[in-house]
Amino acid sequence: MIAFIWASVILALIATIMISLYGIARRPNLVKKLIALTIFGDTANLLVVLLGYRVIYPVAPPVLPYLSREALSQFVETAVDPLPQALVITAVVIGMAVNVLIAVLVIQLYRLYGTVDVRKIGERLPALLEGGEQ
Amino acid sequence: MKKLIPLIVILLTIFGLAHYIAPKLPPQTELRPLGEFYLKNSYFGEYSAKSPEVVTSILWDYRGVDTFFETSVFFLAIIGSLTVFRLNKKEERLAKQKPKEFTGGLTLVVKSVTKIIVVMILAVSASIALHGHLTPGGGFQGGSALAVAPLLIIAAYSKYALEEHGLDKTRALILRSIGLLGIALVALVPLLTGGFIMQNQPIFPAEIKGQLVSGSLIYYNLFEFLAVGGGFTAVFLLLAIPEKVFKEILGVGE
Amino acid sequence: MRGVIPTALLAFITYVAFTGSIRPFDLITGVIVALGVGLLMGKYLVKNDAKALNPVRWIWAVIYLLWYMLVAETRAHLDVIVRIITGNYNPGIVRVPVNVKTDYAKTLVANSITNTPGTVVVDLDDDYMYVNWINVTTVDPEVARKEICEDFEKFARRIFE
């Protein structure tokens, strides 16, 4: 049963990644593309965190509960793998910064073109480049 | 009803596949050797970072250079947003000028609650950052929490209130620069004493007057806190410039 | 330097409560952070130091908290439960005068009204609150004030004025 739940969680995350990829590729609205991109990034991070998880019962976060050598062996028995978490922590903040950058670009595009629909932006771009009316 | 069909199909596929692959997945009950090394060494052991928080000790000690360059990616992303919104002196004054008919913000209730909440957010974010080497948390998380405070003020009062009381884009950028400079300095200090870059133990003292500060981890967390908080505040201030003013600056009339 | 001490106290209590331990490290960093936050935010939060640190007001605040949670909330809940079961309600928005002066007192009254079930403050201007009330018995502002928020105002005046 536990193996089944574990497999369902992983497959659900993979399905979420596929749906968000569909969103990035197929939605014409730039804001919706950004939302799909954040979903994609967060799901990927969650998958990486799950790589470090241990499917055992008393499972502990990777923080030493007591500063004594006696507790260490028991701690190593139960603690999850800290390395994926450490990698994800930076990835989350970088993801947030990149999302802010993309949001800023989308706002700027909206100000310049009056729309966030990529198809309309594509239509208006040649006119702008030729120095025509805005 | 039409939307339910894809949902049911997806759910059925997931559960069917899960039933099929569940016995074939490797049992994830053992630690990888590298993870075990970090768990055993983070406080005790020969390669110790003197921190009971294993994630932070990986973040700023064992894999410090990774984090160092990821911080520079963060730096570049913020610089990118600032470049897109680049304003010259005159335009900046225009963006800071309060419109005449502006009465300001949400109702009194929201404003007075915001004042109290902002104080509490500042205290909580500082707690997250300063206890990064003891409990889950650290500079990134604390900095993100810190950036919520100016965001709340922008929402409840307005960006003008923030700028009138001294926190404008330049100051937020100065705060961020202090943070980044501090990170770079703390990373370079070990070179002076013959260590390698971003070395933690035994160059930085693990305890100050009996209080565990885990060597350089607390300094990194503190400076990262300032850098992330300041960077996000600057971007939020730019995002809060009203549409009308920005269209005027860009010369894009309706 | 107005308001530094009360604000620093608030920040310090939040810091220690959030940290959840009182080792010397927590206390030292807590004091530093609290002083910084107090110096930054103090003048916006507090207009009068003596008033903010007056213990009598704090005792009233604790009494109000107990009274509000035990008496006022229970009464309002029972009232709404009865109305849900019997279906005897007549909702509407009434205008209620605000009789307290300071910002915090107004906030306390408005939040107290909103937090009890059956009444929600939907807007607030200089003289009036607009309250969405589950059972409008009167549209006269003064009478409505007596029914909705007289007790709250009494306490708010003791705490903040």
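# Helix packing and chain contacts in a predicted three-chain model

Q: At what angle do helix α9 (residues 169-192) of chain B and α10(B) pack, and how far apart are their axes?
A: The angle is about 155°, and the axes of α9(B) and α10(B) are 7 Å apart. These values come from a predicted model.

Q: Why are α9(B) and α10(B) called roughly antiparallel?
A: The cut-off for roughly antiparallel is an angle over 145 degrees. The angle between α9(B) and α10(B) is about 155°. The pair is therefore roughly antiparallel. The crossing of α9(B) past α10(B) is left-handed. By class, this contact holds 15 nonpolar, 6 polar and 3 charged residues.

Q: Which residues of α1(A) and α1(B) meet?
A: From α1(A) come A:F4, A:A7, A:S8, A:L11, A:A12 and A:A15. They meet B:I10, B:I14, B:F15, B:L17, B:A18, B:H19 and B:I21 of α1(B). The contact divides into 11 nonpolar and 2 polar residues, with no charged ones.

Q: Why is α4(A) called roughly parallel to α4(B)?
A: The axes of α4(A) and α4(B) cross at roughly 15° and come within 9 Å. Angles under 35 degrees count as roughly parallel, so the label holds for this pair. α4(A) passes α4(B) in a left-handed crossing.

Q: Which residues does α4(A) bring to α4(B)?
A: α4(A) brings A:T90, A:V93, A:I94, A:A97, A:V98, A:V100, A:L101, A:V104, A:L105 and A:Q108. Among their partners in α4(B) are B:E70, B:F74, B:A77, B:I78 and B:V84. The contact has 13 nonpolar, 5 polar and 1 charged residues.

Q: How do you know that the span of helix α4 (residues 82-113) of chain A agrees with its 32 residues?
A: At 1.5 Å a residue, the 32 residues of α4(A) should span 46 Å. The end C-alpha atoms are 46 Å apart, so the two agree. A:G114 follows this helix, and its phi is positive, near 75°.

Q: Which chains have the most contacts between them?
A: Of the 2 pairs of chains that touch, chains A and B have the most contacts. The contact takes 51 residues from chain B and 44 residues from chain A. On the side of chain B that touches chain A, α4(B) gives the most, with 9 residues. That side has 35 nonpolar, 9 polar and 7 charged residues.

Q: How many residues of chain B are in contact with chain C?
A: 18 residues of chain B contact 24 residues of chain C. The elements of chain B that give two or more residues are α6 (108-130) and β2 (211-212). α6(B) supplies the largest share, 14 residues. By class, this side of chain B has 12 nonpolar, 5 polar and 1 charged residues.

Q: How far apart are the nearest C-alpha atoms of chain A and chain C?
A: They are 14 Å apart, and chain A and chain C do not touch. A contact needs C-beta atoms within 7 Å.

Q: Where does UniProt place the feature "transmembrane region" in chain A?
A: The unreviewed UniProt entry places it at residues 6-25, 34-56 and 86-110 of chain A. In the model, residues 6-25 of chain A are 100% helix, with end C-alpha atoms 29 Å apart. Residues 34-56 of chain A are 78% helix and 0% strand, and their ends are 37 Å apart.

Q: Which residues of chain C does the UniProt annotation "transmembrane region" cover?
A: The unreviewed entry gives residues 29-46 and 58-78 of chain C. The chain is 94% helix over residues 29-46 of chain C, and the end C-alpha atoms are 23 Å apart. Residues 58-78 of chain C are 100% helix, with ends 29 Å apart.

Key. Residues numbered from 1 in each chain as written. Chains lettered and ligands numbered in written order. Predicted model: local features only at pLDDT ≥ 70, side-chain atom pairs only at ≥ 80, totals over all residues. UniProt positions renumbered as here; feature names shortened; annotations may be inferred. Helix = DSSP H or I, 4+ residues; strand = E, 2+ residues; numbered from the N terminus. Nonpolar A, V, L, I, M, F, W, Y, C, P; charged D, E, K, R; others polar. Expected span 1.5 Å × (residues − 1). Axes fitted to C-alpha atoms, helices over the stretch in contact; angles between N-to-C directions. Parallel < 35°, antiparallel > 145°, perpendicular 65-115°, else oblique. Left-handed = near helix turned anticlockwise from the far one by under 90°.
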